[in-house]
Amino acid sequence: MEPLSASDDGTAAGTERDRDGAGRARNARPRDGLGRPLPYGATGVERQPEGVVRTPERTVAEAQALLDAGRPFHAHEVFEDAWKSRPDDERSLWRGLAQLAVGLTHAARGNPTGGARLLRRGAGAIGEWAAESGRAVPYGMDLGGLADWARALATEVEESAATVDAAARAPRLGGGR
């Protein structure tokens with residue numbers, strides 16, 4: 001790690017930041033299953049490696065496994081890799097899926113406002129992508145069912161303000177839940 005001055009990143013002068021091999025700022029703190037940072041030295045869950053190029057089918061399978069395990073934040077990271085690596089005409093699909101996962105993350109962390117907002121934003125994005133592309137079931141994912149799931153969960157978390165169980169409320173990417 002290299003120290004940065006306050007003018008470089010807004011941290012106090014002399015404070016060190018975690019850096020990756022290329023020198024980019026990266027938070028190396030362990031995280032819990034919902035992606036919340038834990039204290040250095042704590043045992044967290046294994047983090048998803050960044051920048052992995054996967055086939056769409058592998059992306060869906062890995063994200064589904066993480067969602068089923070109650071780790072939507074980590075599923076979001078898998079979708080984010082697809083968003084960054086897929087062709088331009090698919091990026092809004094993967095970004096919308098990442099938003100759904102982050103919406104579930106916020107709902108599971110007890111943030112109903114942020115959760116509902118991101119669930120609706122993701123539902124809108126994947127619905128728009130399906131309409132523009134003419135593909136309602138890309139890579140086996142039922143986008144209509146996912147959008148319905150997201151809107152219903154958004155309404156539920158807004159109305160109840162209750163924290164949701166991420167694993168119990170995880171969507172089935174291939175057909176709602």
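Q: In this model, is the crossing in which helix 3 passes helix 4 left-handed or right-handed?
A: Please note that the model is a predicted one. Helix 3 passes helix 4 in a left-handed crossing.

Q: What is the angle at which the axes of helix 3 and helix 4 cross?
A: Two packed helices are described by the angle between their axes and by the distance between the axes. Here the axes of helix 3 (residues 72-85) and helix 4 (residues 91-108) cross at roughly 170° and come within 8 Å. Angles over 145 degrees count as roughly antiparallel, and helix 3 and helix 4 are therefore roughly antiparallel to each other.

Q: Which residues make the contact between helix 3 and helix 4?
A: Helix 3 contributes residues including Phe 73, His 76, Phe 79 and Trp 83, while those from helix 4 include Trp 94, Leu 97, Ala 101 and Leu 104. By class, this contact has twelve nonpolar, two polar and four charged residues.

Q: How many cavities of 30 Å³ or more are there?
A: Rolling a probe the size of a water molecule over the atoms shows where empty space is left. In this model the count comes to one cavity of 30 Å³ or more, and the largest cavity holds about 40 Å³ of space.

Q: Which residues line the largest cavity?
A: The lining consists of Leu 67, Phe 79, Leu 97, Leu 100, Ala 101, Leu 146, Trp 149, Pro 171 and Leu 173. By class, these are nine nonpolar, no polar and no charged residues. Helix 4 gives the most to the lining, with three residues; helix 4 and helix 6 (143-160) each supply at least two.

Definitions and conventions
Residues are numbered from 1 along each chain as its sequence is written. This is a predicted model: local features need pLDDT of at least 70, side-chain atom pairs count only at pLDDT 80 or more; totals for chains, interfaces and linings use all residues. Side-chain values use heavy atoms; hydrogens and water are left out. Axes are lines fitted to C-alpha atoms, for helices over the stretch in contact, and angles run from 0 to 180 degrees between N-to-C directions. Helices (H or I, at least four residues) and strands (E, at least two) are DSSP runs, numbered from the N terminus. Angles under 35 degrees count as roughly parallel, over 145 as roughly antiparallel, 65 to 115 as roughly perpendicular and the rest as oblique. A crossing is left-handed if the near helix is turned anticlockwise from the far one by less than a right angle, and right-handed if clockwise. Contact means heavy atoms within 4.5 Å. Ala, Val, Leu, Ile, Met, Phe, Trp, Tyr, Cys and Pro count as nonpolar, Asp, Glu, Lys and Arg as charged, and the others, Gly among them, as polar. On a 1 Å grid over the protein atoms alone, a cavity is a set of points where a 1.4 Å probe fits but cannot get out, and a pocket is an open set with protein on both sides within 12 Å along at least five of seven lines; lining residues have an atom within 4 Å of a point. Grid points are joined across faces, edges and corners, and a volume is the space filled by probe spheres set on the points.
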